[in-house]
Protein chains: 4
Amino acid sequence: MEITLEIAELTVAAAKNSALEIGIPMNIAVVDYGANLLLFCRMDKAWLGSMDIAIKKAKTARFFNIETGDIGKLSQPGSPLYQVEISNGGLISFPGGIPLKNNEGEVIGAIGVSGGSIRDDYKVAAAGADAFKKINNITKENSV
Amino acid sequence: MEITLEIAELTVAAAKNSALEIGIPMNIAVVDYGANLLLFCRMDKAWLGSMDIAIKKAKTARFFNIETGDIGKLSQPGSPLYQVEISNGGLISFPGGIPLKNNEGEVIGAIGVSGGSIRDDYKVAAAGADAFKKINNITKENSV
Amino acid sequence: MEITLEIAELTVAAAKNSALEIGIPMNIAVVDYGANLLLFCRMDKAWLGSMDIAIKKAKTARFFNIETGDIGKLSQPGSPLYQVEISNGGLISFPGGIPLKNNEGEVIGAIGVSGGSIRDDYKVAAAGADAFKKINNITKENSV
Amino acid sequence: MEITLEIAELTVAAAKNSALEIGIPMNIAVVDYGANLLLFCRMDKAWLGSMDIAIKKAKTARFFNIETGDIGKLSQPGSPLYQVEISNGGLISFPGGIPLKNNEGEVIGAIGVSGGSIRDDYKVAAAGADAFKKINNITKENSV
């Protein structure tokens, strides 16, 4: 159930590589099962205002075991979760936060990325989440 | 005027039973006459992000003696209470918070539920509020 | 690693019984492995100001895997952790918060109690922690 | 004036190595010239409550360009900076935060470490600060 720092580092490294490919410096955060911060980094020249957003995206994704963008669809004016962002000391409900799952499909953490367009943020977060999945599978095979 | 812990526990138990029937783990909170927290529980596997929402729903319902969903109708863009959610350290204005009334119809507390769709949240909160009403009536009959 | 709500309820029930024996109404909180609130109750006539203290005691005990009173010994003027209470949104460093451990001795949560003298708070928290330990042992035996 | 993420990573790696040598899992943070978070990591099994303290130590050291422990000497009851910890959303005034200087001796950031005794915290932070100095010197030589 616990994400080791080593696995979090590999996850963030994959996200960073994706950001370098895109050419947009990002803020990247990983939270654990308890939604507590495990790892954070801000790439050179990344927006200062995106630190808090990256961390809040990761927390939001773990808080509800859902991609942050899916909350945004429900929190628009007139929608079921209007203004939910005010809760939990501030949620972020646009794309860039993705749950991290173990091999049994259980959410055990989340990654949050902020620094560019929501399309780029999502792409970078997804690169991290994909790497996380592969690392867990390798770890699983090795331990068999 | 005061809700005893015992009655709050029976109220939450009824809400929990409703949540178990629906099959959605919930966060459930009861606040008292002063809108102060009396009882809170998080069911196994319930969303971490719903703790704060459940408590804020209960507080919101008591703050204005109204079901939380009714505030949401007034807080939309262009509506009279636009952005009221920013007040009081954060309100929740979608369904799941219901005032608790004594036999004279006076609001003496509230229940707040969060963990599923707003329909499920409301259903579970209503189960708690209904139980609260029945318990008060029984108590009244016994005391006659 | 997870404390079920059922076990948290038994833990709080034991603490409540201890409070009733002493005759002091208490606020009692249990947090989980991630230091997130699991269960909270305020007994009839317990101090309003002790809600936050009970929750902060539980969080503090889990934050550092230590009894809260032990932090207070280190946070006095001139001592190594002077003013540590300002961190983490507010710590409580006097007695009444006790870590909850699994059968392997790993801290997996904490209980926090506030409502009387620190001696009474500690006694009630310890009653909860003792019950938690016994429940885990029984669960272990049954599962063998 | 800017600390690159790469140099921050080398700095934190040195601190982590020191923590591994000591055998105490630490929370480690680096802030930049603007006292904004650049890099943070929590080692496996490090205290949850030390995340905030590590970040606050780094910020405090940069806020005043001073080792955090030196502030603690001035913030005791009756001393010139009594209660300064209440400012800036919370300062930490015991050892474990150290300014990071460039080759001209100008403070351009800080490192903060929390997870053990203040002696261990300081040792690990100093290992990070020493590595930072050496890296800057090498970079300087290379650029000549």
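This is a predicted model: local features need pLDDT of at least 70, side-chain atom pairs count only at pLDDT 80 or more; totals for chains, interfaces and linings use all residues.

Trainee: OK, what order do the strands of the open sheet have?

Mentor: The order of the eight strands is β3(B)-β4(B)-β1(B)-β2(B)-β2(C)-β1(C)-β4(C)-β3(C), with antiparallel pairing. Strands (E, at least two residues) and helices (H or I, at least four) are DSSP runs numbered from the N terminus, and two strands pair if DSSP finds at least two bridges between them.

Trainee: Which are the edge strands?

Mentor: β3 (97-101) of chain B and β3 (97-101) of chain C; each pairs on one side only. On average, neighbouring strands of this sheet are turned by 15 degrees against each other, direction ignored.

Trainee: And how many bridges join β1 to β2 in chain C?

Mentor: Five, between residues 27-31 and residues 37-42, running antiparallel. One bridge partner in β2(C) is C:Phe40, which faces C:Ala29.

Trainee: What does helix α2 of chain B touch on the sheet?

Mentor: Helix α2 (residues 50-64) of chain B touches β1, β2, β3 and β4 of chain B, together with β2 of chain C. Contact here is heavy atoms within 4.5 Å. The direction of that helix makes about 155 degrees with that of β4(B); axes are lines fitted to C-alpha atoms, for helices over the stretch in contact, and angles run from 0 to 180 degrees between N-to-C directions. Helix α2 of chain C touches β2 of chain B and β1, β2, β3 and β4 of chain C, with about 155 degrees to β4(C).

Trainee: Switching topic: what rotation superposes chain C on chain B?

Mentor: 179 degrees, with 0.1 Å of shift along the axis and an RMSD of 0.1 Å. The two copies are therefore related as by a two-fold rotation axis. In chain C, the C-alpha nearest the axis belongs to C:Phe40, at 2.5 Å. The superposition is by least squares on the C-alpha atoms of residues with pLDDT of at least 70 in both copies.

Trainee: Why do the copies meet through the same surface?

Mentor: Because 100% of the interface residues of chain C are also interface residues in chain B. Each side of the contact is 19 residues.

Trainee: How many salt bridges between chain C and chain B?

Mentor: Six, where a salt bridge is a side-chain nitrogen of Lys or Arg within 4 Å of a carboxyl oxygen of Asp or Glu. One of them is C:Glu2 with B:Lys45, the closest N and O atoms being 2.9 Å apart.

Trainee: What area is buried there?

Mentor: About 1600 Å², with carbon and sulfur atoms giving 47%. Buried area is the accessible area (1.4 Å probe) that two parts lose on being put together, summed over both.

Trainee: And what about chain A against chain B?

Mentor: They bury about 1500 Å², 62% of it on carbon and sulfur atoms. A:Phe64, A:Tyr82 and A:Ile86 supply 37% of the area that chain A buries there, more than any other three residues.

Trainee: Which residue of chain B forms a salt bridge with A:Glu106?

Mentor: B:Lys45, with the closest N and O atoms 3.1 Å apart. The count between chain A and chain B is one salt bridge.

Note on methods: Residues are numbered from 1 along each chain as its sequence is written. Chains are lettered from A and ligands numbered from 1 in the order in which they are written. Side-chain values use heavy atoms; hydrogens and water are left out.
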